[in-house]
Each structure stands twice: as structure tokens, then as C-alpha cells.
Amino acid sequence: MSFSIFKRSSRCVPLLVMLLPFMALCQEMPSFVEGYHGGAEGGYPSDFTQWIVKTMRSKPNWKMNFEIEPATWALEQQRDPSAYNSLQQMFKDAPDRFEFVNSSNQTYFWNIDGESLIRQFLYGAETIHNSFPSAVIKTYSPEEPCWTSAMPQILKSLGMPYASLKNPNTTWGGYCIGKDAEVVNWIGPDGTAITAVPRYASESAIGTRATIASLNTAAYIKSARDAGILHPVGECLQDAGRKAGPMPLGVPSVYRTWTEYFEKVAIKPTVDWRFSQENIRVCLVWGAQVVQGLAQSVRAGENRIVATEKASALAVFGAGAQWQEHELRDAWKTLNLSQHHDVWIVPYNGHPAGNWAKQTTMVWIPNTQTKCDNIQNEALGKLAAGSGAPDGSHYIRIVNTVSADRNDIASLQLPSNWVGSGTKYAKVYNAQGQEVPCQVNGASSQELVFNATTPSLGYSTYRVEPSGTAPGESGARAGIQPNGAAILETDGYKITLDPSKGGTISSLYDKALQREFVDASSPRRFNEYRGQVNGTWLSSADAPATLQIVENGPVRVTVTASGKIGIHPFVSTLTLVQGQKRIEMKVHIDWSGNPQIGQTWSGGPVAGAMAKPFYNDRYKLQAIFPSALTGPVVLNKNAAFDVCKSANDNTFFDTWEAIKHNIIVNWVDINDAAGAYGLTLMSDHTTSYAFGPNDPLGLVLAYSGPGLWDRNYSITGPTDVHYSLVPHAGTWDQAHTWNEQYRWGEPLLARMMTAPPAGQAMTKSLVRTATGTYVPTILMDGGNMLLRLFNAEGDAQEQTVELGFIPTGANLVELDGRVISPLTVIPSVQPGSSTLKLSIPRFGVRTLKLAGGSWLLTAIHTPSPVGARGFRMDISGTGPDGLNINYVLSVASGIRFRLSSLDGRCLRTLQLGRQPAGSHTANMLLAGVGHGSFLMEGRAGGERVQRRIAIP
């Protein structure tokens with residue numbers, strides 16, 4: 001409409017004045033993003049897809065944003081194929097009306113590990129594309145506060161350039177801090193940025209359930225525009241099954257998909273937001289047994305599955321094992337389901353197993369663990385298969401799934417016939433024949449424990465023999481003093497337990513640092529268990545404890561303290577290992593009845609209250625660690641692919657609007673003001689920690705009382721928590737805290753070998769990374785290896801990755817498979833090895849795709865009978881273009897090598913003329929042979945050597 005029509009008469013001016021506000025509203029009509037949330041696990045009625053199709057047809061201006069669990073669509077295909085087909089067709093006909101805004105299982109990402117974050121999106125997107133092949137997933141927008149700080153680089157690598165940080169209609173569990181900007185450059189810890197819509201600082205809350213952005217109220221639009229936001233957008237992702245769309249909005253709005261808003265409405269971002277983990281203000285019922293149990297199960301599953309993948313990759317490259325893609329996918333499926341946000345925020349809500357918590361701990365995680373056990377057992381069986389004839393000796397293969405050289409404790413059960421052999425001791429020898437310290441625990445189920453040195457992502461081999469002689473007294477040891485105190489001592493520590501104060505630690509002296517870590521001036525005791533129980537403050541230090549030495553070296557020493565917290569018995573366990581920095585601790589509490597633990601509550605219903613009794617951790621039962629660090633103390637904490645320096649003065653809050661990020665995912669670390677000394681606390685599950693100027697670092701162990709939606713979070717059995725402490729010099733990165741975390745979560749794997757490792761390499765490494773860079777996992781993709789790297793503690797300088805094989809090609813790739821750039825493979829001086837060079841910023845995640853190649857256990861001929869003319873054949877490495885064959889002749893002879901398939905078909909031959917006695921190397925071309933298991937045969941004179949090999 002032209003304004004010139006109003007110039008014909010001054011009488012039109014009043015009409016123009018009246019129309020201007022309406023015209024301005026039309027020109028700047030706010031946007032609204034609507035859709036649904038839920039799915040096969042979180043709720044999705046059988047007639048809901050049909051309702052969506054029908055309503056979308058009748059409401060041509062309505063647009064749909066799906067945060068639906070990906071597996072839902074396969075379920076709908078089965079139970080309502082007509083509606084499913086109609087939705088597919090509608091998506092094809094009008095793709096601009098639909099958007100998938102979350103391919104994960106609606107997961108809280110701030111409480112799980114980084115590899116789980118990646119798999120949630122990868123596997124979910126694959127599942128969505130099975131039903132909607134043309135879907136382009138570009139925006140991440142969860143209903144719940146699900147973000148974590150490392151997400152920009154993950155989302156961008158998955159091809160998702162946009163995100164929403166609003167969650168305006170479901171804020172029960174928390175929210176993101178506000179920022180008055182239309183859009184921002186959301187910058188993660190590695191420096192990657194994506195475009196995001198923040199929760200506006202100007203939008204107010206509706207109790208603890210929502211904000212005014214959830215219905216585009218007039219107050220919301222006005223507050224946004226007053227804050228300078230020209231194109232405000234609201235959002236509501238309702239629970240699936242609520243047939244209330246389109247929502248009745250406060251002001252006329254345009255329904256949009258998120259990508260449409262970003263690409264056609266919003267301004268280009270001009271504000272950089274360097275996101276901190278503490279910008280995520282979330283609070284669940286930390287310390288409650290139901291949350292604690294499921295969190296421990298999820299953590300155990302996370303650790304187990306990545307260790308299994310890496311062990312399996314070692315077996316594929318090292319022993320011809322098969323990559324079990326289907327079984328691993330199934331293990332990931334149930335682990336990813338257990339990370340669903342409903343597991344954590346409504347654990348008592350109904351589910352087929354009884355409730356979400358039981359579904360996680362009794363169905364999903366047990367499936368993950370069983371699948372991993374089977375795969376890992378097969379991998380270890382392959383890696384521990386000997387190549388020589390039995391000679392009465394016992395050999396042990398130690399497998400290290402962490403990408404760092406380790407000297408860690410290894411343990412395994414000795415053979416059953418060991419018990420009756422008349423000896424109860426053992427001697428262990430390394431590959432050089434040197435004896436290493438060991439101990440045997442137990443009378444019937446004898447556990448062998450020893451210090452094993454094992455290379456990065458590889459294996460080492462040890463020999464063990466029965467012995468009638470007890471090990472020497474040097475090494476780890478413990479003793480009870482005349483005053484009843486227990487002293488535990490290793491090469492690294494001297495720790496004293498005080499029985500008069502509940503077995504708490506009165507001294508923790510680090511020998512290497514020559515430093516005491518217990519603050520003796522604190523009114524609290526080190527490793528004291530203290531909290532408010534039934535309205536009364538109770539402490540384990542208020543009653544004496546009985547100390548008992550359970551293990552007494554020379555490798556590992558363990559002491560227990562049995563005492564009471566009020567009337568509630570507990571057993572605390574402290575373990576030290578010779579040569580190990582980590583101090584491992586456990587607590588078992590047998591509760592008497594169902595006590596109320598935490599802040600007393602008399603404020604009526606919790607659901608609608610801004611204050612909630614489970615918010616303030618000061619009153620919960622904690623394990624407390626008053627440390628002798630010079631203040632002001634600096635606290636850092638980790639999350640998926642990130643470490644956050646805390647800006648909180650303390651961790652305590654009482655109301656929803658005052659929530660502080662006080663979450664320990666894997667570890668928190670406290671440093672003195674100068675960064676000279678520190679103490680790391682590691683937890684076996686995600687929970688909360690306590691800390692403040694007058695409150696020493698504490699790990700929350702227990703809460704019982706009113707929780708979300710007025711559910712009573714009760715005590716139903718004992719509390720069992722495993723945690724560790726690592727005193728150190730320097731800051732968390734100088735102390736390589738991530739290394740300690742990975743080593744704790746992925747202990748060395750040990751397996752008795754089926755025969756002597758005749759001719760095999762006694763030690764081997766598949767991948768070695770630069771210091772501070774780690775391998776979260778390794779995947780096989782057909783004949784290719786996908787190697788994930790995480791720079792946790794290093795800088796952005798070019799670094800070297802060492803490979804125990806020679807790939808035929810290497811590319812740096814995005815998480816969705818797009819090639820970023822080729823990498824140059826540099827053969828090493830060591831035969832069959834190579835290196836790659838690349839740069840990774842700190843907290844950066846990179847994926848390498850390595851084509852072809854194989855890393856093989858070397859093969860050798862069993863020694864020939866005395867007097868026979870024999871030779872030895874080693875296979876040291878392979879690739880599609882060549883197999884290195886190293887052989888040693890005892891006398892001069894002609895040589896012939898033959899590579900055949902297992903059914904006897906000859907694939908390659910290599911005929912060599914007469915060779916002199918000595919060591920030689922030959923190369924057999926393998927182009928066109930393919931992948932699989934093969935038989936290599938070597939002939940020299942009258943001797944024949946056969947070796948089964950694998951080329952993945």
C-alpha cells in the first residue's frame with residue numbers, strides 16, 4: 001500500500017496515526033517456534049501421528065518442529081503405517097513446514113561424557129534419515145536445559161550451524177543464564193562458534209516451570225523489544241500427545257521452523273558469547289539414592305563401552321578379530337537411552353521395568369554391560385592367543401586402552417589348579433626377564449596383583465610362575481600403631497588414619513612433593529562424613545572407628561574403617577598402590593530406616609515453590625576434604641570436552657532463580673592461589689560438590705526428602721560411593737588430570753595366554769598421541785579406522801600421532817564424514833610404523849579416517865627339534881600394497897612364501913633364490929587381495945612354517 005493515498009486530504013491524517021501501530025506490528029510480527037517433544041520412551045500416543053497429519057492439513061500456516069526420539073518413527077511405521085506414510089508424504093510435499101531440531105534421545109549433555117554426546121547425535125540422525133531421507137538437521141533446540149559448553153564444535157562438525165538456548169516451557173530442572181541479544185555467536189571452549197538464540201535476560205519466569213517466552217505474551221514481546229531485540233522469537237515444544245496446537249499466543253505471531261527464523265528473520269550475530277559451563281544453571285535431586293544409582297550405572301556403561309571399542313580395535317588390528325558393529329550399536333543404543341533426561345529428572349515415573357531408574361539400572365545398562373563383556377572377552381581371547389607349544393609356563397597379556405604409556409596395577413584370577421600346587425605365592429617377570437613386584441590375595445580365589453608397564457593403546461606380556469616364597473617387605477605396607485592409628489605407606493604417600501575420629505585422615509603426606517595436604521587447623525576432618533540427618537547434624541568423626549588392614553602390599557595396601565554416623569553404620573575403605581598417584585576411596589553406609597537427610601523443610605508443597613529443600617548442599621551428607629592449600633583457592637571442573645574455571649564464590653543456593661552450577665561430572669580440582677599445588681577429587685558418578693570460603697571441598701553422598709513435583713526421594717538400601725583423590729604439583733593441566741581420569745575409568749585388562757607368546761612381540765602400541773591429547777575411542781568403518789582425538793591439556797602447536805601400522809591413506813574428517821583435509825602418512829624408522837602431524841586447539845576434538853593397513857601380531861616358527869635345519873618367520877606389518885616378512889635362516893637355503901585363503905586358494909607367492917644364513921626382509925605385494933583371514937606359509941629347505949594372519 002502506498003502512503004500517497006493519505007495525502008489527498010488532511011482528514012486522513014488521524015486515520016494514519018491510528019493505523020501506524022498496527023502496521024508496525026504487521027511489519028515486525030514476532031516469530032513463534034512450536035512443536036512436540038517426547039517419543040517412544042518419553043511418551044507418544046498411538047494416534048498422535050494421525051492427529052499431527054490431520055491438524056497440519058487443516059492449519060496451513062502451522063509449522064512443526066520435532067524433538068521426538070528418533071526410534072519413534074520406526075515404531076509408528078509398525079503400529080500406524082497409514083499415518084506414518086502420510087507424514088512422510090507431507091514432509092516431501094512441504095519440507096519447509098517441518099524441522100527435526102534434536103536427533104539425540106533428548107539427553108542432558110552436561111552430565112555425560114563426550115563420546116556419548118557424539119554418538120547420541122550420530123546414531124539419532126541415522127535413525128531419522130531411515131524414515132525421512134531428505135531431512136536436513138540444521139538446528140539444535142531441546143525442550144529441557146540440555147546443553148553443554150562443548151556443543152558448538154560438535155554441532156558444527158555434524159553440519160548443524162544453529163542452536164536455541166531458550167527451553168522456555170520446561171524449566172523445572174533449570175535454565176541457561178540470560179543474554180539480551182537477538183542472536184549470538186555461541187563460542188565453545190575450543191573457539192568454535194555457531195549462531196544461537198539465547199534465553200533473553202529480559203524474559204521473566206512463570207514460577208519454576210516456564211518463562212513468558214513459552215506463549216509469546218505481550219509482556220515478553222515488549223520486554224524483548226525494549227532490550228533492543230528487533231525480531232523476538234518464542235518457543236513451545238509440548239509433550240507429545242497434548243493435542244493443543246497451535247497454541248493460543250499472547251500476540252499475533254508467525255509460526256516458523258527454527259532454521260527459517262535463523263536464515264530469513266534474525267539479524268546476523270554481532271555478539272560473541274564465550275560460553276562457560278557455569279552458564280548452565282541446572283539442579284536435580286543430587287545425593288538421592290535413586291539418582292545416585294542410575295548415575296553410577298550410566299558412568300560404568302560409558303567407561304566400559306569406549307574401553308571395549310578400543311580393545312576390540314586392538315584385536316582387529318592385532319589378532320584378526322572381527323569388528324562387531326551390530327553388537328556395539330546395540331550396546332550404544334541402551335547406553336544412549338539411559339542418558340535420556342527423563343531418567344534423571346523423573347526417575348520414579350512409570351516405565352515398563354517399573355520406572356525410569358529401574359529401566360536404566362535393570363534393563364538398559366545391563367544390556368550394555370553384557371554386550372561389552374562379550375565383545376571384550378572375545379577381543380582379549382584373540383589378543384592373548386599364544387603361538388607356541390605349551391611349555392608349562394603361564395603368560396599374561398596386559399591390554400591398555402588409554403592413549404598414554406602406563407605403569408598401573410594389573411590384576412586377574414590365577415588358574416584354579418594354582419591353589420592346590422602347594423604354593424600360595426607367585427613371581428612375575430617382564431619381557432626382559434626382570435622380576436616385578438606382585439602379591440597374591442585370597443586363599444581360594446587367588447587374585448594376582450602386580451605393577452604392569454604397558455604402552456599407549458597397546459599391550460605388554462608378563463610371565464608368572466608359582467613360588468613358595470613370600471614377596472619382600474619393600475613396597476606398599478600398612479601397620480597399626482600402639483595408639484591404634486593406622487599408617488599406610490607407599491613410595492608416594494604416607495597416610496595416617498585416626499580411629500578416635502571415625503577413621504578420618506589426620507595426615508596425607510606426599511613424599512615426592514614433601515607436602516602435607518590435610519589442613520589440621522580446620523574444624524572439619526579430612527574424609528569426614530557429615531550432614532544433617534532428621535534435623536540433627538551428624539558426623540562420622542564424632543565416634544570411634546575400628547581399623548582393619550585388608551591388604552598389606554607390597555603392591556597394594558588397603559585399610560578399612562568401620563564406624564557410625566549417629567546410629568548408621570558405615571565402612572570406609574582407603575587403597576594405595578605402589579607407584580600410583582591416585583588414592584582410591586570407598587564408603588558403604590547401612591542406613592537405619594529411612595532418615596531424612598538434608599535441609600529440614602516446612603514450607604509446604606515443593607513443586608510450585610521457588611525454594612526447594614534439595615537445593616542447598618550444605619545440609620546434605622558429604623565427604624569433606626579440608627586441604628592445606630593457600631588461598632584464595634581456585635576451583636576447576638570438567639565436563640564433556642571442557643574444563644571450566646569456577647567463578648562462584650561458593651556453591652550454595654536456596655531458590656530456583658539463584659541456582660549455581662555445582663556439578664561434578666568426572667572431577668573437580670582445587671589449586672592454591674599461586675597454582676603451585678592442588679588436589680583433584682574424582683567421582684564414580686555425576687553428582688554435586690560443595691565448596692566455599694568457609695566450607696572445604698565436599699562430595700555430596702546422600703539426600704533424602706522432598707524432591708521435584710513433591711516426590712519423596714527416599715532411602716531404600718545402603719549407600720555405596722567410590723571416589724578418588726590425586727594430590728599434585730602445579731595446575732590441573734600440568735598434573736595431567738584427564739590422564740588420571742581415563743586411567744581410573746579404564747583399568748588395565750589382563751588375560752592368561754593360551755600358550756607361550758613364541759615369536760610374538762612382547763609389547764606393542766597401536767596409537768601414541770602427544771602428551772595431553774587422548775583417544776576417547778577407536779571405530780572401524782569397513783576397512784578404515786576412525787580415530788578420535790581430544791586435546792585435553794595441550795596447546796595448539798602441531799603435534800605428532802604415532803601409529804603402529806602404515807595406513808594407505810589418511811584424512812581429517814568431520815563427525816558426519818565430510819573430508820576436511822588429507823593428512824600425510826610418514827613412514828617411521830621402526831618397520832611397520834608411521835606418523836601423522838596435525839594441530840588441535842585445546843579442548844578440540846578431531847576425527848582421523850585411516851584407510852587400509854593392518855597391525856599384526858608377529859608370527860614365528862616354533863623351534864625345530866635339535867639337529868633340524870630350521871628358520872624363523874616374523875610378520876611385522878601389512879597394508880594393501882605390501883606385507884613385510886622378516887625371516888632368519890639358520891643355514892643357507894632357498895625361500896618360498898605362499899599366501900592363501902583359508903579354503904586353500906593360492907593368492908600370492910614369493911619365490912626367493914638361495915639366501916645366506918642370517919636375518920633378511922622380504923615384501924609381498926597385496927594389491928587386490930582384499931580383507932579377511934589368510935594363511936601365510938614359508939618354506940626353507942625341508943622346513944615349513946604356517947601362520948594365520950588377518951588383514952582388516
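Colleague: How many bridges join strand β32 to strand β43?
Modeller: Keep in mind that this is a predicted model. β32 covers residues 583–589 and β43 covers residues 719–729, and the two run antiparallel. His588 stands opposite Asp720 in β43. As for the bridges joining β32 to β43, the count is 7.

Colleague: Which strands stand at the edges of the open sheet of 9 strands?
Modeller: Let's walk along the order, β29-β30-β31-β32-β43-β38-β37-β34-β35, where the pairing is antiparallel. From one strand to the next, the twist averages 20°. An edge strand here has a single partner, so one of its sides is left without a neighbour in the sheet. That's the case for β29 (546–552) and β35 (642–645).

Colleague: Is helix α13 largely enclosed or left open by the rest of the structure?
Modeller: This helix, residues 737–745, lies across several strands, including β32, β38 and β43, and runs at about 30° to β38. Its buried residues include Trp738, Tyr742 and Trp744. Since 8 of the 9 residues are buried, α13 is largely enclosed.

Colleague: At what angle does helix α9 run to β43?
Modeller: α9 takes in residues 289–319. It lies across β38 (677–683) as well as β43. Its angle to β43 is about 60°.

Colleague: How is α5 oriented to α10: roughly parallel or roughly perpendicular?
Modeller: α5 (residues 114–131) and α10 (residues 325–338) have axes 10 Å apart and pack at an angle of about 105°. Angles of 65 to 115 degrees count as roughly perpendicular. So α5 to α10 is roughly perpendicular.

Terms used: Residues numbered from 1 in each chain as written. Predicted model: local features only at pLDDT ≥ 70, side-chain atom pairs only at ≥ 80, totals over all residues. Heavy atoms only, no water. Axes fitted to C-alpha atoms, helices over the stretch in contact; angles between N-to-C directions. Helix = DSSP H or I, 4+ residues; strand = E, 2+ residues; numbered from the N terminus. Parallel < 35°, antiparallel > 145°, perpendicular 65-115°, else oblique. Buried < 20%, exposed > 50% of the residue type's maximum accessible area, 1.4 Å probe, protein only. Pairing = 2+ DSSP bridges. Contact = heavy atoms within 4.5 Å.
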